Amino acid sequence: MSRRFDSRRGNAPAEFVLVGALLVALALAVIHAALVIHVRHILHASAWEGARYASYYGTTLGDGQALTIRLINEALSESYSLDVSVTEASVAGAPGVHVHVRAPVPTLGLWALGGDLSVEAALPLEQPG
Amino acid sequence: MWRQRCHSSNRANSGRASLEFLVAGIVLFVPVMWASVVLFEIQKASMATDAAARHAVRVFTQSTSLDSAGRRAERAVSRTLGDFGVATPHQITVECQPRSLCLSPTSWAVVTVRTDVPLLGIPALPLSTPWAVPVDGTAAAQVSMYRGIP
């Protein structure tokens, strides 16, 4: 009888489940934080690529926007490329192009509930010389 | 006899099992977090060197003189790496093909940007180690056939 009601023995499976759940939650948090950083890097690289392309002689702002949207669609998903704005802006005193991407923060995998992840890139227009 | 000894030693240890599990589990996550920080630094440097090389090779081949081409390519690389947040020192290599006809029409330029990503490069911690991962990006572009013709 005393073995059956020994509190230290009886709790072991329950404690294992509780601690295991905590560690699984921690693992998921680490994976999720990594995913958010990855998404941010992809968005920034895509925005920069669009700015680079739009800064060329023969291209328009729309070409840069299209490239940014295509890169984001290929790397992540189409829900991340809904708000890509490309505008003319002054970059370090020279005329340039400014790309601003606003995307949701991934919630579960790449499925996103909301939030606001904002990255921008700016490059001066190509100058002769 | 043996059963009893074993039983009593189990009883003495039984209360700590879950605490050990918890502490060991959390401690084991430290290298995982460190590894993910380092891997993301490498990913960032990889994207940055690639973008910098492509930008620099375009700037290089669009320039009119070799002198300004080198200067402008250098500036393009440091601006790009700065935009991506890569603060480590970098080397730029420009290779012309054919070698003697740099920037002549239809010649090629190959730009390689290289940087070393330090392991333990966690921005908040002032730690530095001699170990680093070299990351480079290469891009090639051809000089326009009509270069120099207004």
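Analyst: Two strands pair if DSSP finds at least two bridges between them; strands (E, at least two residues) and helices (H or I, at least four) are DSSP runs numbered from the N terminus. The model is predicted: local features need pLDDT of at least 70, side-chain atom pairs count only at pLDDT 80 or more, and totals for chains, interfaces and linings use all residues. Residues are numbered from 1 along each chain as its sequence is written, while chains are lettered from A and ligands numbered from 1 in the order in which they are written.

User: Which residue in E2(A) stands opposite A:Glu88?
Analyst: Strands E1 and E2 (residues 94-108) of chain A run antiparallel and are joined by 9 bridges. The residue of E2(A) opposite A:Glu88 is A:Val97.

User: Which strands of chain A stand at the edges?
Analyst: The open antiparallel sheet of chain A has 3 strands in the order E1-E2-E3. One side of each edge strand has no neighbour in the sheet because each has a single partner; these strands are E1 (83-91) and E3 (111-124).

User: At about what angle does helix H2 of chain A run to E3(A)?
Analyst: Helix H2 (residues 12-54) lies across E1, E2 and E3 of chain A. With axes fitted to C-alpha atoms, for helices over the stretch in contact (C-beta atoms, placed from the backbone, within 7 Å), and angles from 0 to 180 degrees between N-to-C directions, the value is about 35 degrees.

User: Which helix lies across E1 and E2 of chain A at about 135 degrees to E1(A)?
Analyst: This helix spans residues 61-75 of chain A. Its name is H3.

Key:
Contact = placed C-beta atoms within 7 Å.
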